[in-house]
Amino acid sequence: TTSVAAAAAAATDAGTETTKHEQQKVYFHRLGTAQADDVLVYANADCPEWLFGVEVSVDGKFLVLSVSESCAQKNRLYVQELGASVDDDKPIEKAIDNFDAAWWYVTNDARRFYFQTNL
């Protein structure tokens with residue numbers, strides 16, 4: 001009966017876990033290589049609860065990084081030009097650097113970017 005009670009308690013608690021992931025980081029991984037060889041692209045140790053989403057621009061020349069601090073429809077958008085090599089160490093530009101609204105990358109024409117927002 002102890003195992004039945006434990007299983008019932010576990011089922012009741014399912015979905016109520018309160019653990020969270022902190023200190024997210026964005027890495028570049030080359031297919032066919034070991035994870036230990038991944039290159040760090042972005043991290044922010046001062047903001048351990050920030051969440052990151054990443055996409056490559058439609059022309060393949062930029063990395064677009066969406067930064068959120070919760071599930072709220074608000075984010076920052078950062079852009080990094082992609083070099084010939086991941087080791088080119090191009091700077092990350094902060095296109096939208098506040099949590100006032102939600103921003104989504106739509107497209108770009110060279111360095112002119114178009115975003116959709118809920119403002």
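So, surface first: the protein chain exposes about 8,400 Å², and carbon and sulfur atoms supply 51% of that. Those accessible areas come from the Shrake-Rupley method with a 1.4 Å probe, and for residues, only the protein chains shown count as cover.

Keep in mind that this is a predicted model, where local features need pLDDT of at least 70, side-chain atom pairs count only at pLDDT 80 or more, and totals for chains, interfaces and linings use all residues. Residues are numbered from 1 along each chain as its sequence is written, and side-chain values use heavy atoms, with hydrogens and water left out.

Now, how much is tucked away? Of the 119 residues in the protein chain, 23% are buried. Buried means under 20% relative accessible area, exposed means over 50%, and partly exposed is in between, with a 1.4 Å probe and protein chains only.

Okay, the layout. Helices (H or I, at least four residues) and strands (E, at least two) are DSSP runs, numbered from the N terminus.

Let's zoom in on Leu 82, in the loop between β5 (76-81) and β6 (92-96). Leu 82 counts as partly exposed because its relative accessibility is 36%. Leaving aside residues up to four places away in sequence, Leu 82 touches Val 56, Gly 60, Lys 61, Phe 62 and Leu 63; contact here means heavy atoms within 4.5 Å. Lys 61 is 21 residues from Leu 82 along the chain, yet their C-alpha atoms are separated by 5.3 Å.

Cys 71 is at 81% relative accessibility, so it counts as exposed, while Cys 47, at 23%, is partly exposed.
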